[in-house]
Every structure is written in structure tokens, then in C-alpha cells.
Amino acid sequence: MSAKVIDRNRVLFSWAMLTPFLLLFAIFVVYPLIQSAFLAANQTFGPGTRTFVGTKNFQLLLADPVFWKSIGNTFIYALGSLFIQLPLAFALALALNSSKLRGKGIYRLIFFSPQLMGLVFVSILGALAFEKRAGLVNQAIAFITRNEKFLEIDWLQQHVMATLILISLWLYVGFNMIYFLAALQSVDKSLMEAAEIDGAGPLGKLRHVIYPSVKPVATFVILLSMIGSLQLFELPYILLESSGGPDNRGLTIVMYLYQNGFDLGDLGYASAIGWVLALILIALALVQIKMTRAQEVNA
Amino acid sequence: MSATNRKLNKAALHTLLIVLAFITLIPYAWLIIASLKGQDDFFSGIFFPPGEGFLGIGWDKLTLNNYRALFDLGFEVNLINSIFYSAATALFATFICAATGFVIAKHHFRGRNFITLVVLGALIVPPTLLLAPGYELLYDLGLLDTVWGLLLPLLAPAFGVFLFRQAVIQSVPDELLEAARIDGCSEWSIFFVVVLPLLRPMIGAFMLITFLGMWNNFISPQIVLQTADKQPLSVAIAQLRGVYKTDYGLLTAATVVSVLPVAALFLLLQKQFISGLTTGAVKG
């Protein structure tokens with residue numbers, strides 16, 4: 001075979017291998033992505049019924065109190081992840097990282113296990129566990145305090161944001177712990193020993209040895225957790241049975257997108273919400289890239 | 001630090017971990033026991049219904065009726081759907097991502113850089129942005145309420161291509177490919193006989209992640225499928241809650257049935273799963 005034939009064979013092979021991906025990707029990712037820009041400038045009543053409205057969707061959106069409510073709720077949840085869930089995950093990883101600890105593997109498996117259930121099934125379990133009277137949570141509180149009145153706490157309707165954050169702790173602390181644990185295991189042992197010889201206490205070691213080497217993974221986990229939190233949907237959707245709850249106190253951005261697009265049929269308004277969310281997420285990712293770059297320059 | 005101090009610390013650490021482990025595990029126990037209780041026993045005792053039996057528990061009050069009722073409603077159809085959708089997605093998405101990742105990592109042809117760039121760019125597109133236009137597209141193609149409409153959009157994840165590209169760069173040396181070519185291997189047999197075996201850890205991890213992802217996927221089937229007989233467990237269980245809101249026994253039984261297969265799969269393949277989960281992270 002001449003070199004030319006071999007070359008042509010290789011190029012043919014390359015394109016044959018790429019075809020399934022390129023086809024599916026072009027049809028189901030690139031095309032809808034382009035369409036979402038057009039859709040955002042239209043109003044629809046179900047699919048296939050576009051009426052051009054220009055920038056009206058975005059104007060309506062900015063003046064829409066329910067949308068702002070959903071943004072507020074979503075950010076409360078995201079801040080809960082950032083300031084409660086991730087510190088707990090890190091603390092748990094620190095506790096499990098000690099090399100002499102017995103039963104480390106078992107603990108790791110137990111803390112990680114809720115992740116296996118999957119968000120939808122956790123939502124169902126959460127909805128049942130936080131039920132008035134029959135639910136696990138209220139029965140446990142009433143049993144511990146010996147006070148029947150706690151059976152009546154209305155978690156699902158009245159305190160839905162707290163319920164969401166509590167369930168997400170159970171679900172995600174162990175999951176994020178796995179990342180931190182992997183990062184902690186890459187901390188240089190000789191550096192730790194050197195710090196110990198230099199008389200650094202636990203806090204000193206945490207600040208000067210552990211923190212710098214965990215930082216890249218930490219920024220990654222923070223970004224991942226923010227991206228996930230801002231797209232929260234299944235948990236409140238199932239807890240509140242597809243409504244936003246009283247005064248929309250549990251409505252999230254993606255739930256509002258879903259309500260507009262699929263309950264009311266306005267795919268245009270839904271796309272506009274999708275774009276606002278996408279811009280928030282991309283801004284977050286850019287901030288993270290900037291921060292990582294700055295770290296690399298400093299290092 | 002003195003030795004006694006150290007021992008005290010250790011004891012405190014263990015106590016704390018045991019308490020936390022306990023809190024993590026209690027909901028499972030509650031879930032399983034609740035699925036075995038009759039409707040009346042939900043308000044008497046947090047866990048087991050009280051009675052005359054061993055440990056003061058009414059063992060005779062436990063029943064499999066909830067599971068019977070569940071399967072009388074045809075829940076096994078949804079179970080089979082979930083298995084089929086998850087397995088099909090895992091299989092095809094893994095193959096497509098491995099093939100694409102390999103080619104953009106190792107083959108030189110015009111357009112390669114562009115494709116790589118597009119794949120990397122697609123990583124920042126939030127999937128929620130594609131919900132509305134994706135739904136309209138499936139409507140235009142006549143694929144709403146079909147299995148194709150559910151599966152096809154999920155078979156080409158850019159994330160998977162990225163992972164396989166990294167795996168190929170890390171574990172498939174150029175020299176090996178050249179040697180195979182000199183031995184007269186065709187490009188196809190190089191991919192299937194040389195490359196795929198080298199990628200086995202990544203294939204295992206990615207298949208598992210994709211399988212679980214599809215098993216737990218709610219929003220896609222919720223939007224695409226309307227016929228009850230086509231729904232996977234995730235959507236079926238949410239609808240079950242809509243209809244039988246206060247039938248705690250039925251709902252907990254449905255949750256147990258939905259979660260058990262995946263938990264078993266995980267315990268079998270634990271190692272691959274954890275390694276797959278952290279592949280992106282450690283390097284990131």
C-alpha cells in the first residue's frame with residue numbers, strides 16, 4: 001500500500017468513528033442550542049406555535065416577581081450548600097483522613113451511600129420522612145422531646161427551604177467528602193512532618209500545609225456544587241407536587257422554567273429563563289477559571 | 001500531646017463518626033420497615049409496630065401486602081423500562097464517547113481541532129437550557145412519547161468524550177499504535193483489540209455512571225414520555241405519590257423496589273465507581 005492510500009484509509013476511519021457522535025451532537029445539542037436563542041424571542045402556546053415578540057420575554061422576566069422569588073430561593077439553597085454542606089463535607093473528610101482510624105472504608109461507604117439512591121427516590125423518601133404525624137422526622141423529634149406537639153411541624157409546606165437544605169445535607173455531604181478525601185490523600189506527608197517538627201499545631205498545619213494543597217480540588221467542588229444547586233429541580237418539584245408551595249416559597253429557577261414551558265406551554269418564556277440561568281452559570285465558571293489562573297501564577 | 005489525651009481524642013472522634021453514621025443509616029431502616037407495615041401502624045411507633053412478640057414488637061403485623069399491591073398496579077413494567085433505558089444508554093453512550101475520544105486524541109485530520117474545541121465548549125452548556133428547544137425538536141421530528149425520543153438525545157454527552165479523550169492521552173502510548181500498524185493491524189482492529197482493553201477502567205466507570213445517571217433521570221422521561229407503560233421508575237413513582245399520597249406503605253415499597261437494584265449493582269462494582277467519580281476531580 002502506498003502512503004497515500006494509508007493516509008486516506010486513516011482519514012476515512014476517523015470520520016467513520018466520529019459520525020455517530022457528530023450526528024447526534026449536531027441534532028440534539030447544537031441545533032437546540034441555536035433554536036433556544038430564537039425561541040427566547042418568541043411566545044408559544046405549545047410546540048410549533050411561535051409568535052415573534054422580540055425582547056419582550058426578557059422585559060417581562062425582569063419585572064416578574066415570581067421569577068425574582070425563584071432566584072432568591074435558588075440562591076438561598078446554593079448558599080446553604082456553600083456554607084453548611086461543603087464545610088461539613090470537608091470536616092468529615094479531615095476526620096476520616098487520619099491514617100490510623102479503624103473502619104475508614106465502612107464509614108466512607110456509609111456516608112456516601114445516600115448518593116446511590118438517586119435524587120428522585122431521595123425526594124420521595126424525604127417527602128415521606130418529613131410528613132406531618134406519620135413522618136420519621138417529626139416522630140423522632142416528638143419521641144426525643146416527649147412532646148406530641150412537634151408531630152404537627154409542617155416541613156413540606158411551611159418550612160420547605162429548610163427541608164430542602166436538610167435533605168441535601170443527607171444526600172450530598174458524603175458525596176463531596178469523597179472529593180475532599182481524595183485531595184487530602186495527595187497532601188505531601190513529608191511536608192506535614194516538616195511542619196510538625198517546626199512546631200505547627202493542628203490549625204497551623206491546616207492553614208499552611210493542607211489548605212494550599214486542597215485548594216484546587218476545593219474550588220472545583222465549589223463550582224460543581226454551585227452549578228448543581230442553581231439547577232435544583234427534582235427535590236422541590238416532588239416535595240411540593242409540582243407547585244411552588246405556599247407563596248412560591250419553594251419555587252426554584254428550573255421549576256419556574258418547567259412550569260412556564262411544560263405546564264403553560266410557553267417554550268419562549270422558558271427559553272428566556274434558561275438563558276438567564278445559563279449566563280449566571282457561565283459567569284460563575286469564568287470567575288472560577290480566573291481564580292484557578294491566579295493560583296497558578298502565584299504558585 | 002499525652003497518650004491519654006490522644007486516646008480521649010480518638011474515642012471522641014469515633015463517637016462522633018458513629019453518631020453521624022447512625023443518622024445516615026436510620027432513614028434506610030425506617031424506609032424498609034415502613035414498607036412492611038400496614039396503614040394503621042404508621043401512627044403507632046416510629047419503626048416497628050408495638051405488639052406482644054419478641055422485644056415488644058408486633059412481628060405478626062408486618063406484611064408484604066404493600067409489595068403485592070404495588071405489583072398489582074403493574075409496577076414491574078416500570079422496573080423493566082428502567083433497566084432497559086439505563087442499560088441501552090450506558091452501552092451506546094460509552095461506545096460513542098470512547099470512539100470519539102480516541103479519534104480526537106490520536107488521529108490527525110483536518111477539522112480535529114475544531115471538533116475538540118466544540119466538545120470542550122459544550123461542557124459549559126447547562127442541560128436545562130436545552131429543555132424547551134429540545135422538546136420542540138422532538139415534537140417536530142415526531143419523536144415525543146417514543147423510546148427514540150428519550151434515548152437519542154442522551155447518547156452523545158460531551159462530558160464523556162472529554163473523559164475518554166483524557167483517558168486515551170494518559171493510557172494509550174503512540175508507540176503501541178505504531179507497532180500495531182507495522183504488524184499489519186487495520187485501524188479498526190487497533191481500536192477494538194489494542195485501545196479498548198487499555199481503556200477498561202474508564203469504560204467500567206463511565207458505564208456505571210451513565211447507568212446510574214439514566215436510572216435516576218427524571219426530567220427527560222417526564223418531558224418526553226406520556227404513556228404510563230413507557231415510564232421508568234423515576235417518573236412512575238412520582239405519579240404514584242400524586243395518586244396515593246397518604247398510602248405510605250405503597251410509596252415506601254415502591255422506593256425500596258426502585259433503589260434496591262442500583263444499590264446491589266454499586267456494592268458489586270464499588271471500586272470502579274469511586275475511581276470513575278474522582279477521575280475528573282483529581283486532575284481538574
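The following exercises, with worked solutions, concern a predicted model.

In this predicted model, local features need pLDDT of at least 70 and side-chain atom pairs count only at pLDDT 80 or more, while totals for chains, interfaces and linings use all residues. Residues are numbered from 1 along each chain as its sequence is written, chains are lettered from A and ligands numbered from 1 in the order in which they are written, and side-chain values use heavy atoms, leaving out hydrogens and water.

**Exercise 1.** Locate Ile96(B), classify it as buried or exposed, and identify its contacts.

*Solution.* 
1. Helix 3 of chain B, residues 75–106, contains Ile96(B); helices are DSSP runs of H or I with at least four residues, numbered from the N terminus.
2. The relative accessibility of Ile96(B) is 9%, so this residue counts as buried (under 20% relative accessible area; exposed is over 50%, partly exposed in between, with a 1.4 Å probe and protein chains only).
3. Beyond neighbours within four places in sequence, Ile96(B) contacts Pro20(A), Phe21(A), Leu24(A) and Leu155(B), a contact being heavy atoms within 4.5 Å.
4. Ala156(B) is 60 residues from Ile96(B) in sequence, yet their C-alpha atoms are 6.8 Å apart.

**Exercise 2.** Determine where Arg102(A) lies and whether it is buried or exposed.

*Solution.* 
1. Arg102(A) belongs to the loop that joins helix 3 (65–97) and helix 4 (104–112) of chain A.
2. Arg102(A) is exposed, because its relative accessible area is 71%.

Key
Helices (H or I, at least four residues) and strands (E, at least two) are DSSP runs, numbered from the N terminus.
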